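The sequence and structure come first, followed by the description.

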Amino acid sequence: MSIKPKYNAKENTKIVLEYLEKFPKAPSKTLARKIYEENKGFFNTLENVYIRVRYYRGQTGKSHRKNLATRDFQQELKTKVMNNFVSMPSSLAEKRGTFTFPTGCRKLGIIGDLHIPYHDEDAIETACDKMEAEEVDSILINGDLLDFYQLSFHEKDPRKVHFKNEIEAGKQFFEYMRSRFPGIPIYFIPGNHENRFERYLRIKASELLDMDEFRLDVILHVAEYKIEYIPFRTKVVFGDFLIEHGDKIPGAGGVVPARTALMRLKTNCIINHFHKSSQSSQRVYGIDKPTTIIGYSIGCLCELAPDYMEINEWNHGFAILTKIDNLVSVNNYKIEGNTII
Ligand SMILES: [Fe+2]
Ligand SMILES: [Fe+2]
């Protein structure tokens, strides 16, 4: 699509102006969604596009209207009274996306919380050996693959690993996984630790947020290693199970994190954020007949006694899920040393 040179504006603003010119009658929200979907690399959020569309249509207040660089697209405010009908304000709410594994995926290995470069090599080898022996047909890396220590806003030791080295270690891990599992899809969804990267940009360098070059999946070269990237906070569904990293569940997880997750999510679920293996089930009364929902929390694959929390109840672990029709059964493995228990 050609960009008209008459607008002296940043690349993403040019895109917004071009769409405004092309679709003058489209509702602002619909147009913003179209722009965002068709030009994802240029915009960080849908909200960001929506605000720009409304800005150029003169819908973001009197003072902005006065300072508009171009009035070509200015429109009447939507809240104008017509036949006693007042439209409600447009919603800025964004719906979370859902990722459902392809139907061909029947045996899924889940690993998470490696916290590279503070990972446990033996535990990872053990998990990979088992996934290989069980012939999983897909693998999900379910968040906190990387620690991003230097991007944390907690007090930190500047002598510890640098961000660049963490990224290099992450890329090396993708290469390792690809060499061990060359022929199967490997999926990666970020957890709260990878989200430190976006939080860091928002707070320290918000100007870079819209730039393709500063996207986590680009920095980690996921495409080069044929890793399927699932955006942060996407709902992940495998058969009749919901898979979450678990950081959205408030609190520390409690004695049985699986129970905490089950009571919050109220559906079959798997999490790993709390670094501890556990299982919990609940009988639900139901309309026709009672059913049982099951929750699992998976252990981690990182060091078990980090400086900031030396005493904890963490354990190493991973899971293998098997799906028949749409029903999933779960093997939630614990690792002790380099043995599965
Ligand atoms: Fe974690
Ligand atoms: Fe986490």
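**The six-strand sheet**

Six strands form an open sheet with mixed pairing, in the order β1-β6-β7-β8-β10-β9. Its edge strands are β1 and β9, each of which pairs on one side only. From one strand to the next, the twist averages 20°. Strands here are DSSP runs of E with at least two residues, helices are runs of H or I with at least four residues, and both are numbered from the N terminus. Two strands count as paired if DSSP finds at least two bridges between them.

The model is predicted: local features need pLDDT of at least 70 and side-chain atom pairs count only at pLDDT 80 or more, while totals for chains, interfaces and linings use all residues. Residues are numbered from 1 along each chain as its sequence is written, chains are lettered from A and ligands numbered from 1 in the order in which they are written, and side-chain values use heavy atoms, with hydrogens and water left out.

Buried means under 20% relative accessible area, exposed means over 50%, and partly exposed lies in between (1.4 Å probe, protein chains only). Contact here means heavy atoms within 4.5 Å. After α9 comes K266, with a positive phi near 55°.

**The seven-strand sheet**

A second open sheet has seven strands in the order β5-β4-β3-β2-β11-β12-β13, again with mixed pairing. Its edge strands, each pairing on one side only, are β5 (227-229) and β13 (339-340).

Strand β2 (residues 107-111) is mostly covered, with four of its five residues buried. On one side, β2 pairs with strand β11 (residues 316-324) in the antiparallel sense over four bridges, and L321 in β11 is the bridge partner of L108. β2 also runs parallel to strand β3 (residues 138-142), joined to β3 by four bridges, with I111 opposite I141. β3 in turn pairs with β4 in the parallel sense, over four bridges, and N142 has I189 in β4 as its bridge partner.

**Helix α5 on the sheet**

β2, helix α5 (residues 121-133) and β3 make a right-handed β-α-β unit. Right-handed means that, with the strands pointing away from the viewer, the path from the first strand over the helix to the second runs clockwise. α5 lies across β2, β3, β11, β12 (327-336) and β13, and runs at about 20° to β11.

**Aromatic pairs**

How many aromatic pairs does the structure hold? There are 16. The rings of Y19 and F23 have centres 6.0 Å apart and planes at 35°, so this pair is tilted. Rings of Phe, Tyr and Trp (its six-membered ring) pair if their centres lie within 6.5 Å; planes under 30 degrees apart count as stacked, over 60 as edge-to-face and the rest as tilted. Y19 is buried at 3% relative accessible area, whereas F23, at 28% relative accessibility, counts as partly exposed.

The rings of F101 and Y187 have centres 4.9 Å apart and planes at 80°, so the pair is edge-to-face. This pair links distant parts of the chain, 86 residues apart: F101 is in the loop between β1 (98-100) and β2, and Y187 is in strand β4 (residues 186-189). Both F101 and Y187 are buried. Together with F99 and F238, they form one aromatic cluster.

**A charge over a ring**

The charged end of K29 sits over the ring of Y50, 5.4 Å from the ring centre. The criterion is that NZ of Lys or CZ of Arg is within 6 Å of the ring centre and within 35 degrees of the ring normal.

Note on methods
Axes are lines fitted to C-alpha atoms, for helices over the stretch in contact, and angles run from 0 to 180 degrees between N-to-C directions.
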